[in-house]
Amino acid sequence: VQLQASGGGLVQAGGSLRLSCAASGQTFSSLGMGWFRQAPGKEREFVAGIGWSGIYTYYADSVSGRFTISRDNAKNTVYLQMSSLKSEDTGVYYCAGSMRGGSYYREYEYWGQGTQVTVSS
């Protein structure tokens with residue numbers, strides 16, 4: 001499975017962005033998907049995850065209530081809708097796929113190239 005993230009950019013604090021991650025391959029609909037982010041000088045951290053069917057979603061406390069993860073298996077795409085953005089949301093956002101799902105980056109076998117999100121205060 002190859003993953004291609006897009007949709008990042010520069011946004012003012014309080015604004016919104018929607019990230020997309022397009023997947024190639026026939027196994028996308030069987031994978032749990034997640035979004036991670038990494039700020040300069042910091043470790044990669046979990047942001048949000050979604051089960052293969054799209055019914056089960058889970059979030060990091062820091063984004064819960066502001067971000068929404070969703071997927072469209074017919075389009076082989078997972079999304080991250082980000083609202084009420086804060087400067088601390090700045091970082092490179094990566095989409096990832098996992099046969100098991102979870103919130104630990106080592107649980108994910110497939111990774112996209114990342115898309116930069118910059119929130120100006």
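Visitor: Which residues is serine 103 in contact with, leaving aside its neighbours within four places in sequence?
Guide: In this predicted model, serine 103 is in contact with Phe36, Phe46 and Tyr58, once those neighbours are set aside.

Visitor: And where does serine 103 lie?
Guide: Serine 103 lies in the loop between β9 (91-98) and β10 (110-111).

Visitor: Is serine 103 buried, exposed or partly exposed?
Guide: Serine 103 has a relative accessible area of 44%, so it counts as partly exposed.

Visitor: How many residues apart in sequence are serine 103 and glycine 49?
Guide: They are 54 residues apart in sequence, while their C-alpha atoms are 7.1 Å apart in space.

Visitor: A change of topic: how many disulfides are there?
Guide: The count comes to 1 disulfide. Cysteine 21 and cysteine 95 form it, with their sulfur atoms 2.0 Å apart.

Visitor: Which strands hold cysteine 21 and cysteine 95?
Guide: Cysteine 21 is in strand β3 and cysteine 95 in strand β9; the pair is 74 residues apart and links distant parts of the chain.

Visitor: Why does cysteine 21 count as buried?
Guide: Cysteine 21 counts as buried because its relative accessibility is 0%, under the cut-off of 20%. Cysteine 95 is buried too, with a relative accessible area of 0%.

Visitor: What about the largest nonpolar core: which residues touch the most other members?
Guide: Of its 31 residues, Trp35, Val47, Phe67, Val78, Leu80, Met82 and Tyr93 touch the most other members. Strands that each supply at least two residues of this core include β1 (2-6), β3 (17-24) and β9.

Visitor: What does valine 78 touch?
Guide: Not counting residues up to four places away in sequence, valine 78 touches several residues, among them Cys21, Trp35 and Ile69.

Technical notes: Residues are numbered from 1 along each chain as its sequence is written. This is a predicted model: local features need pLDDT of at least 70, side-chain atom pairs count only at pLDDT 80 or more; totals for chains, interfaces and linings use all residues. Side-chain values use heavy atoms; hydrogens and water are left out. Helices (H or I, at least four residues) and strands (E, at least two) are DSSP runs, numbered from the N terminus. Buried means under 20% relative accessible area, exposed over 50%, partly exposed in between (1.4 Å probe, protein chains only). Contact means heavy atoms within 4.5 Å. A nonpolar core is a set of buried Ala, Val, Leu, Ile, Met, Phe, Trp, Tyr and Cys residues joined through side-chain atoms within 4.5 Å. A disulfide is a pair of cysteine sulfur atoms within 2.5 Å.
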